[in-house]
Amino acid sequence: SNGTWSGSTRIDERVMHDGELFSCGSVTFVVVDLAGGAGDTRVLTDRGIAMAIADQQNTRSWRAGDDPNDLAAIHRIQQVAMASEPAQRPAAVAAAVATELGCPLCAVVLRGRVAGTMSRRLAHRLAQGDSARLLRLGRELNGQTVAAEAVGSALTAPLGTRGHLVAARSVDDEACTAAELRLIAAFAAELSEAFTAVGDLPELVGQGPVMQLLRERISRIATTDASVLVSGASGTGKELVARALHRLSGRAAGPFIAVNCAAVSESLFEAELFGHERGAFTGADSARPGRFRQADGGTLFLDEIGELPERLQPKLLRALQEGVVEPVGGVAEIPVDVRVVAATNRDLQAEVDAGAFRADLFYRLDVIRIHTPALAEHPDDIPALAAHLLRQAARETGIAEAGISEAALDVLSQAPWPGNVRQLSNLLTRALVAAEGPIDVHHLALRDVPAAPVDDSGPFLSLAEVEAAHVRAALQRTGGNKTAAARLLGISRPTVLKKIADYGIVWE
């Protein structure tokens with residue numbers, strides 16, 4: 001009833017050619033002659049608008065002879081990238097590039113996530129190819145707006161690891177130029193390292209095949225919103241995996257809330273997860289939102305989910321199924337938008353079979369499974385892990401790191417490590433305290449590895465004397481800081497104070 005139009009002319013019948021427009025109601029169509037030899041010189045962007053590749057080139061860094069104004073723009077973009085936290089970097093860079101190019105539509109597409117002022121659909125359509133490209137419509141459209149987000153020209157360049165930098169102008173604006181193509185290619189080249197670091201999971205140390213497979217699985221899963229169950233022995237880094245999933249997800253700007261299910265008493269667990277109203281129970285002097293609501297828009301990490309009391313399992317299941325929580329003492333359900341990542345060192349399938357864990361909750365949590373490997377499964381990564389953990393221990397204790405001998409690394413690589421990375425970390429921290437220089441085999445107090453030859457020529461010390469000497473060494477290393485000494489020794493500060501008094505310890 002509204003008719004079909006070509007420009008301002010109503011038409012009943014007409015032969016249409018490549019690039020011509022016709023409209024019906026509020027929808028405008030572009031005719032694309034795919035049989036006419038266009039082939040792969042076109043890409044389809046948002047709403048089916050056909051664009052041709054007008055120019056392309058490889059990304060490269062700025063070099064002498066380039067426009068100095070371009071160099072200044074590149075430096076400004078670099079400063080924005082380096083000043084931004086990894087989670088906020090894509091949006092910050094997209095905004096800065098939009099300003100430099102004068103393009104209202106600009107986005108960074110990184111591992112499936114889109115940040116910027118462009119719709120997800122359009123950004124994904126433009127984020128293609130392994131070279132920088134300038135795209136334009138096949139013919140002039142005389143200023144007509146083809147669709148709500150019609151673009152007349154666009155720029156796209158590969159960025160870092162599995163990323164693209166994209167910008168576009170509408171059909172009513174000036175077309176993107178070859179000079180701007182060179183500039184966006186230079187932006188992408190200079191930013192490549194910053195965005196490779198964002199997606200390469202630096203918190204997972206090791207380059208062996210086991211760790212590479214774990215990284216790839218995390219990267220694939222992170223962009224989904226499905227629940228994840230992280231399984232693995234204690235000390236294998238299940239929380240690190242959960243945090244990596246959050247950081248690489250579309251929820252990275254939201255909160256990451258961790259709950260240790262084994263550390264919360266059963267009587268308070270419901271209030272801890274779902275919140276409570278004022279006066280709901282003795283001691284509830286004020287209302288609290290609970291962990292689910294604190295994690296709204298982000299990720300909720302439920303560690304040791306196998307410890308969840310059986311009576312609370314149906315309540316957790318309902319929150320996951322319905323996306324709502326009801327605070328203790330409340331009467332209204334509150335919607336929450338949360339991705340749940342759970343972790344366990346138990347065989348939950350066996351617990352389900354034994355009737356100790358609800359099957360429906362297990363299947364709700366176990367949508368996607370990630371297994372964290374035991375350290376014994378990738379001993380080739382122990383030297384890199386040892387170097388990383390020693391640097392970490394040196395920062396925490398204030399003790400200068402002096403390295404570790406090859407003989408000590410050989411001993412560490414042959415150990416079975418029942419306590420996994422956590423055991424290795426604790427051992428290296430103790431060794432750092434005990435060593436006056438580089439860590440050697442005799443600094444490694446590990447029962448499961450070959451010990452250094454024992455010198456039995458001197459007097460045999462009692463256990464109390466050894467303990468007193470060890471506490472004194474920790475205090476000397478930390479300059480008398482009892483809190484830092486307690487951290488080194490793996491005990492509480494009150495215990496350190498008690499041992500100082502029991503043994504009459506003095507230090508310089």
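# Pocket, cores and confidence

Colleague: Which residues lie nearest the centre of the largest pocket?

Modeller: Gly235, Gly237, Leu240, Val421 and Arg422 do, out of 38 residues that line the largest pocket. This is a predicted model, where local features need pLDDT of at least 70 and side-chain atom pairs count only at pLDDT 80 or more, while totals for chains, interfaces and linings use all residues. Residues are numbered from 1 along each chain as its sequence is written, and side-chain values use heavy atoms, with hydrogens and water left out.

Colleague: What makes a set of points a pocket, and a residue part of its lining?

Modeller: On a 1 Å grid over the protein atoms alone, a pocket is an open set of points with protein on both sides within 12 Å along at least five of seven lines; in a cavity a 1.4 Å probe fits but cannot get out. A lining residue has an atom within 4 Å of a point. The largest pocket holds about 830 Å³ of space, a volume being the space filled by probe spheres set on the points, which are joined across faces, edges and corners.

Colleague: Which element gives the largest share of the lining?

Modeller: H12 does, with seven residues. Helices (H or I, at least four residues) and strands (E, at least two) are DSSP runs, numbered from the N terminus; the chain has 17 helices and 18 strands.

Colleague: Why is Val496 called buried?

Modeller: Buried means under 20% relative accessible area, exposed over 50%, and partly exposed in between (1.4 Å probe, protein chains only). Val496 has a relative accessible area of 1%, so Val496 is buried. This residue sits in helix H17. Contact means heavy atoms within 4.5 Å, and beyond four places in sequence Val496 is in contact with Lys482, Ala486, Leu489 and Ile491.

Colleague: How many residues does the largest nonpolar core have?

Modeller: The largest nonpolar core has 37 residues, and Trp417 and Leu444 are among those with the most contacts inside it. H12 gives the most to this core, with seven residues. A nonpolar core is a set of buried Ala, Val, Leu, Ile, Met, Phe, Trp, Tyr and Cys residues joined through side-chain atoms within 4.5 Å. Leu444, for its part, touches Ala408, Val411, Leu412, Leu427, Ala431 and Ile439, leaving out residues up to four places away in sequence.

Colleague: What is the phi of Trp417?

Modeller: Phi of Trp417 is near 50°, a positive value in a residue other than glycine. Most residues other than glycine have a negative phi. Trp417 lies in the loop between H13 and H14. Glu304 also has a positive phi, of about 50°, and lies in the loop between S14 and helix H9 (313-322). With a relative accessible area of 16%, Glu304 is buried.

Colleague: Where is the pLDDT below 50?

Modeller: Over residues 139-148 the pLDDT is below 50, and over residues 447-458 pLDDT stays under 50. pLDDT is the predictor's confidence in each residue, from 0 to 100. Where pLDDT is low, the predicted coordinates should not be read in detail. For the protein chain the mean is 78, and 83% of its residues reach 70 or more.
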